[in-house]
Amino acid sequence: MADVTLRKVVKRYDDVEAVRGIDLDIADHEFVVLVGPSGCGKSTTLRMIAGLEDISDGDIMIGGDVVNDVPPKDRDIAMVFQNYALYPHMTVAENMSFGLRLKHYPKAEINARVTEAARMLDITDLINRKPKQLSGGQRQRVAMGRAIVRNPKVFLFDEPLSNLDAKLRVQMRIEIKKVHQKVRTTTVYVTHDQVEAMTLADRVVVMNHGRIEQIGTPNELYHKPATKFVASFIGSPAMNFVPCRLEDSAGKLHLRLTDRLAFPLPPARAARYNALPRTDKLLFGIRPEHMTEASPHAEPGVEPFDATLDVTEPMGMETLVYFTLEGTAVCGRVNPNAGAQDGGPLRMAVDLNNMHLLNEATGAVL
Amino acid sequence: MADVVVQQGTVARTATRRRSGLQKALKRKSTAAFLMTLPLILLIACLVLYPALYSVHLATLNKSMARFVGFGNFEFLFKRDTFWLVVRQSCIFAISAVILKALIGFIVAHFVHNVPANKQRKWRGMLLVPWVIPPAMSTLAWLWLFDPSYSAFNYTLSFFGIGPIPWTGDAMWARFSVILVNVWYGAPFFMIMYLAALKSVPEQLYEAAAIDGANWWQRIWYVTLPMMRNIIAITTLFSLIVTFANFDIVRILTAGGPLDHTHIFATWAFRVGIEGSDIPLGASVSLFMVPILAVAAVFILRDVNKRGNEA
């Protein structure tokens with residue numbers, strides 16, 4: 001096992017820069033998820049760690065050794081591919097043991113490792129089948145088994161659950177987490193699914209346009225996003241953004257959303273934002289769960305307002321309500337018993353203790 | 001194709017039983033398909049089956065084609081040394097040519113596969129040329145290259161102090177020459193088939209193998225070859241049949257000479273049947289290819305069937 005370090009890593013394809021100088025330190029035993037939209041460079045980064053892509057600039061270190069020019073086979077890594085990449089002419093056992101056989105491990109040890117991995121992944125009964133005879137989920141387990149038996153320094157996962165249906169994906173997500181808890185191998189996992197990223201990762205790396213937007217624990221990313229991109233990418237439904245500006249009125253700092261709607265900021269927030277120029281164009285960011293039905297008791301920092309709902313979506317444990325604030329569509333989360341109806345009025349409340357304020361031009365969270 | 005019978009809820013079962021039976025038969029998909037392909041089946045039967053059966057019939061007649069002699073022609077052949085020479089030469093010719101074609105085709109396919117996509121078409125086109133030119137024409141060109149007096153090969157080799165080599169005059173060199181020309185002509189076919197097979201191997205299998213620790217050679221041995229096994233088997237069988245039955249290259253290049261040392265089944269069948277005016281004996285010679293090729297076909301195709309559902 002080992003730590004993985006990326007130093008100013010760049011990947012250029014002709015005149016396109018897919019990865020634009022990223023720095024990343026992954027600690028030993030850590031489970032790091034690279035997440036971002038298609039084309040953000042996350043898979044390319046993973047493939048550069050694997051050695052399947054050359055790096056155009058910078059350094060990649062595994063266990064302290066620079067591996068820029070080391071071929072994949074000598075990096076002591078194992079990779080699980082999106083489409084499994086199982087050898088169709090080999091049985092499950094042969095697929096899993098292929099790497100060990102190439103390295104001339106003793107037969108007894110190969111058998112022991114394969115049996116142990118098969119037991120861990122619950123595929124002992126399938127050991128003599130060919131990949132064609134397996135379901136998608138089973139194939140994914142075999143692909144993981146192939147990685148586990150190698151006992152590598154680093155596991156690399158390239159969108160391993162994308163080809164599975166929703167239910168199986170949840171199940172396999174838990175399997176992957178369990179496996180990592182058992183083997184504790186340093187893991188780099190690529191996905192475009194923010195739920196996968198949040199549930200699996202010790203730390204999440206959010207990437208966009210070949211750059212790292214933010215690195216942090218799932219909770220940090222959710223509650224303290226650094227940029228508008230991270231704020232909107234993490235969380236479902238996404239964070240609401242409403243154009244706003246700051247104004248002083250009656251000796252207090254106010255957040256003005258519309259001509260008719262302005263909220264006094266709670267003292268902590270007011271102190272934080274007080275130094276900002278009042279002329280700046282800003283965005284008010286608020287997650288749906290912080291925009292709920294108004295409660296009868298006044299709470300500090302929670303400001304009520306009236307809304308006319310456009311659409312409601314009952315989810316069972318909650319109801320999502322959609323309405324517009326001065327032309328901007330926003331989403332709130334209310335109790336199913338709050339009386340939300342399509343086209344109906346609802347007294348809402350916004351929790352300004354959990355608000356975010358962003359610079360509209362730069363997208364930076366202030 | 002499975003027989004799908006369209007269910008008919010209430011077919012009158014008594015008086016119209018015969019007619020409904022016919023209707024049902026026609027509504028069966030396989031019946032309709034059979035009827036539609038019948039003209040083609042009949043055409044193939046006329047063009048393939050009839051000549052095949054006719055040659056079997058011919059092989060049982062005497063030289064003047066007047067009397068039934070049973071296996072008489074075969075008994076006669078088995079006693080002749082030339083026949084066994086032809087059997088041996090046909091096997092050597094076909095097997096060595098097919099192995100070389102497969103090997104060269106595989107290597108060249110790999111090179112073309114690794115050529116950047118925008119230049120690949122040009123290379124593919126150029127490398128296919130030997131296979132596209134009618135072999136009778138190209139063999140004439142080879143004949144000039146091998147010519148005893150004006151051989152371009154010997155002229156070139158003379159600069160290195162080698163030769164002159166009797167390309168078609170010496171038995172061993174003549175055998176080498178016909179195999180060389182056959183390989184030159186047939187290798188592009190293997191190349192194009194293998195290239196198609198190579199393109200169908202998912203790139204991620206190579207990546208997985210690279211990460212598993214396979215070197216270049218191990219990737220070929222454990223990934224490429226197993227993934228191409230069916231194509232290799234079918235191409236080899238097809239080529240074996242065509243090479244075994246080759247006529248034009250040997251006929252033009254050496255005409256079986258020197259002293260029958262390059263004759264293979266087809267050229268020798270022509271020699272005894274047409275030139276020697278013993279049609280039944282010629283038919284017997286060519287028929288002798290059937291059991292040899294049938295055995296090869298059974299072995300190769302059985303393997304293909306076994307693996308058919310793997311990938």
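Two strands are taken to pair if DSSP finds at least two bridges between them, and the elements themselves are DSSP runs numbered from the N terminus, with helices (H or I) of at least four residues and strands (E) of at least two. The model examined here is predicted: local features need pLDDT of at least 70, side-chain atom pairs count only at pLDDT 80 or more, and totals for chains, interfaces and linings use all residues. Residues are numbered from 1 along each chain as its sequence is written, while chains are lettered from A and ligands numbered from 1 in the order in which they are written.

In chain A, strand S6 and strand S7 (residues 154-158) run parallel and are joined by four bridges. Within this pair, A:Val80 sits opposite A:Phe157 of S7(A). Both strands belong to an open, mixed sheet of six strands, ordered S6-S7-S8-S3-S9-S10 in chain A. Its edges are S6 (77-80) and S10 (211-216) of chain A, each pairing on one side only.

Helix H4 (residues 136-149) of chain A lies across S6 and S7 of chain A, at about 175 degrees to S6(A). Here axes are lines fitted to C-alpha atoms, for helices over the stretch in contact, and angles run from 0 to 180 degrees between N-to-C directions. Contact requires C-beta atoms, placed from the backbone, to lie within 7 Å.

Turning to the meeting of the two chains, 16 residues from chain B and 19 residues from chain A take part in the contact. On the chain B side, helices H9 (203-212) and H10 (216-244) are the elements that give two or more residues. H9(B) provides the largest share, seven residues.
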